[in-house]
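This report describes the fold and packing of one protein chain. The sequence and model come first.

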Amino acid sequence: VVLVAAMAHEIGYDQLASFFDGGFDWDRIRRAAKRFRLLVAIDDPVLTPDPLEHVRLFAAHLGAKALVTPDGIHFSRLQDRRELHEAVTLVGELLP
């Protein structure tokens, strides 16, 4: 599983709040896949105030390995990010 700019907990968006109600069932998620990769940008305004907190939680609960970039904002087309070479690299790590 490759997660891009993923949130490990509620981040203050009302539209997403119910998704995080009760927290994640980390054991169930971990059983659903063998390996997890995470792509996060330090300058991600959605994961503020600390994007690395989300990385730490995914690493602690899922054993996820992360690629943290100094920039990338939220890796969306709104920031003119149409190609995610970093994500392709992470997918390649998971292929047999």
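## Contacts along the chain

Among contacts (heavy atoms within 4.5 Å) between residues at least 6 apart in sequence, 72% join residues at least 24 apart.

This is a predicted model, in which local features need pLDDT of at least 70, side-chain atom pairs count only at pLDDT 80 or more, and totals for chains, interfaces and linings use all residues. Residues are numbered from 1 along each chain as its sequence is written, and side-chain values use heavy atoms, with hydrogens and water left out.

## Fold

The pattern along the sequence is β-α-β-α-β-α, with three helices and three strands in the chain. Helices (H or I, at least four residues) and strands (E, at least two) are DSSP runs, numbered from the N terminus.

## Nonpolar cores

Of the 96 residues, 31% count as buried, meaning under 20% relative accessible area with a 1.4 Å probe, protein chains only. A nonpolar core is a set of buried Ala, Val, Leu, Ile, Met, Phe, Trp, Tyr and Cys residues joined through side-chain atoms within 4.5 Å.

The largest such core has 16 residues, and those with the most contacts inside it include Met7, Trp26, Val40 and Phe58. Two or more residues each come from β2 (37-41) and α2 (51-62); α2 gives the most, with three. Beyond four places in sequence, Val40 touches residues including Leu47, Val55, Leu67 and Phe75. A second, separate core of six residues includes Ala5, Leu39, Ala41 and Ala87.

Conventions:
Buried < 20%, exposed > 50% of the residue type's maximum accessible area, 1.4 Å probe, protein only.
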